[in-house]
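Good morning, and thank you for coming.

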Amino acid sequence: MDEETRYEAVSSRDARFDGEFFFAVETTGIYCRPSCPAVTPKRKNVRFYPTAAAAQGNGFRACRRCRPDAVPGSADWNVRADVVGRAMRMIGDGVVDREGVPGLAHRLGYSARQVQRQLNAELGAGPVALARAQRAHTARVLLQTTALPVTEIAFAAGFASVRQFNDTVRQIYARTPSELRSEAGTGLGAAVRQARTTGIPLRLAHRGPYAAREVFDLLAAETVARIEEVSGEPGSRTYRRTLRLPHGTGIAAVDERSAGPWLEARIHLTDLRDLTTAVQRLRRLFDLDADPYAVDELLGADPVLATGVAARPGVRSPGTADPEEFAVRALLGPAAAGELVAVYGKVLDVPCGGLTHVFPEPGLLAGASHPALRALAAALADGEVRLDAGADRDEAERALLRLPGIEPATAALIRMRGLGDPDVDPYGTPGADRWRPWRSYGVRRAGAGAVRTREEARAGSGPQPQITAPSHAPATSRHANSSASTE
């Protein structure tokens with residue numbers, strides 16, 4: 001898009017471009033999302049930025065009306081496999097907060113200077129500024145949805161000091177943390193400020209139409225006992241699951257029904273530093289950063305899919321909350337994965353309904369009796385196979401195919417779901433190439449029920465593995481960090 005096209009999108013308040021770019025107004029010092037309801041500024045006063053961090057870095061503060069920091073991320077970061085796309089996915093997962101820029105660069109296989117230069121050249125901001133913008137958004141959510149002390153929020157959001165936290169909030173929101181907390185019109189109120197007992201309430205924004213029924217149908221069909229459950233009737237279901245996170249554990253609940261361009265969610269964490277990571281993993285699981293307009297435009301032109309696209313826009317390609325977990329599930333199937341959880345999973349100190357365990361880390365599975373599982377677990381544990389947010393998808397697939405027992409269809413399924421690749425057909429669907437670069441969405445469109453049947457048939461083919469506890473370890477292990485109910 002050139003700048004004139006961007007200005008047309010701003011003039012028409014086109015929500016399709018929210019998160020794809022931001023505009024700032026020199027006369028007010030404010031930056032906004034394209035769909036901001038405020039009066040359209042004069043063209044001569046408008047500047048455009050590819051990221052919120054770039055606008056912030058040039059001295060603009062976030063608009064109070066349109067909340068540009070809360071928009072879905074650019075769909076480019078799902079699609080792109082280059083270093084910038086991989087870096088953005090890793091920054092979203094909190095790598096810079098946990099490991100710094102050197103850690104990010106090491107994971108990407110570049111020097112810190114190269115990463116800095118590429119991100120600045122394309123996004124107008126380096127990794128520190130991008131992570132800072134994300135921390136500020138996390139801080140605002142915690143300030144406005146919980147009663148946690150400001151000092152605790154500062155460190156939970158990833159800031160190194162309270163002073164840094166205060167300065168950043170003032171710069172981005174033109175408010176002190178206390179003023180931001182007491183600001184009227186958040187729509188949340190005191191009743192939700194119970195983060196320690198009921199979880200942090202969140203609205204997970206998405207772009208355009210969202211076909212929630214198909215996503216929840218798939219999640220319900222492949223639920224693994226003890227770590228996941230789906231309750232309620234179609235149309236008003238709630239998906240709940242446990243999370244294994246960098247600093248502790250969590251329980252997340254996401255509702256199928258929504259009253260706006262978001263999914264209602266609640267997250268309970270044993271360590272609030274994991275909030276950003278937990279949110280990003282839910283976003284990948286529910287494919288919330290996709291661009292349904294671009295996907296449906298292409299798929300809607302296909303005679304086979306046109307009727308379904310018109311009747312049900314916004315079908316997504318769900319990912320996973322834990323790529324390593326999904327790799328094991330893709331290999332074994334849901335039933336055997338449930339047995340694996342019972343034997344090796346970490347037990348929550350405080351069970352929450354049917355949620356009693358956290359899926360085991362790969363290192364705990366290295367002694368499993370199933371040869372293919374043992375090989376996969378060892379490869380994941382020692383880094384021979386990388387499935388993190390910034391993994392190179394081509395290299396990950398090649399590494400998976402080198403393992404015994406991993407068939408091409410299984411590796412492709414892991415690439416589609418575990419790594420969020422939007423252009424994969426694990427099922428050999430006839431004519432799927434005409435759906436490029438959205439084959440992952442095309443195979444969902446081609447028939448969710450048929451896809452589900454093929455997945456189950458593939459996972460259930462052959463002799464089912466016997467999951468037994470290793471002789472040197474107890475059948476279950478207890479995790480020190482417990483999770484309480486999110487309900």
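**Cysteines and aromatic pairs**

Cys-352 is buried, with a relative accessible area of 3%; buried means under 20% relative accessible area, exposed over 50%, and partly exposed in between, with a 1.4 Å probe and protein chains only. The model is predicted: local features need pLDDT of at least 70, side-chain atom pairs count only at pLDDT 80 or more, and totals for chains, interfaces and linings use all residues. Residues are numbered from 1 along each chain as its sequence is written, and side-chain values use heavy atoms, leaving out hydrogens and water.

Cys-63 is also buried, at 7% relative accessible area. How many disulfides does the structure hold? There are 0, a disulfide being a pair of cysteine sulfur atoms within 2.5 Å. For Cys-63, the closest cysteine sulfur belongs to Cys-66, and at 3.8 Å the two are too far apart for a bond.

Let us turn to the rings. The whole structure contains 8 aromatic pairs. Rings of Phe, Tyr and Trp (its six-membered ring) pair if their centres lie within 6.5 Å; planes under 30 degrees apart are stacked, over 60 edge-to-face, and the rest tilted. The rings of Tyr-49 and Phe-60 have centres 6.0 Å apart and planes at 55°, so this pair is tilted. Both Tyr-49 and Phe-60 are buried. Trp-438 and Tyr-441 form an edge-to-face pair, with 5.9 Å between centres and 80° between planes. Trp-438 and Tyr-441 are buried as well. Finally, ring pairs join Phe-17, Phe-21 and Phe-48 into a cluster.
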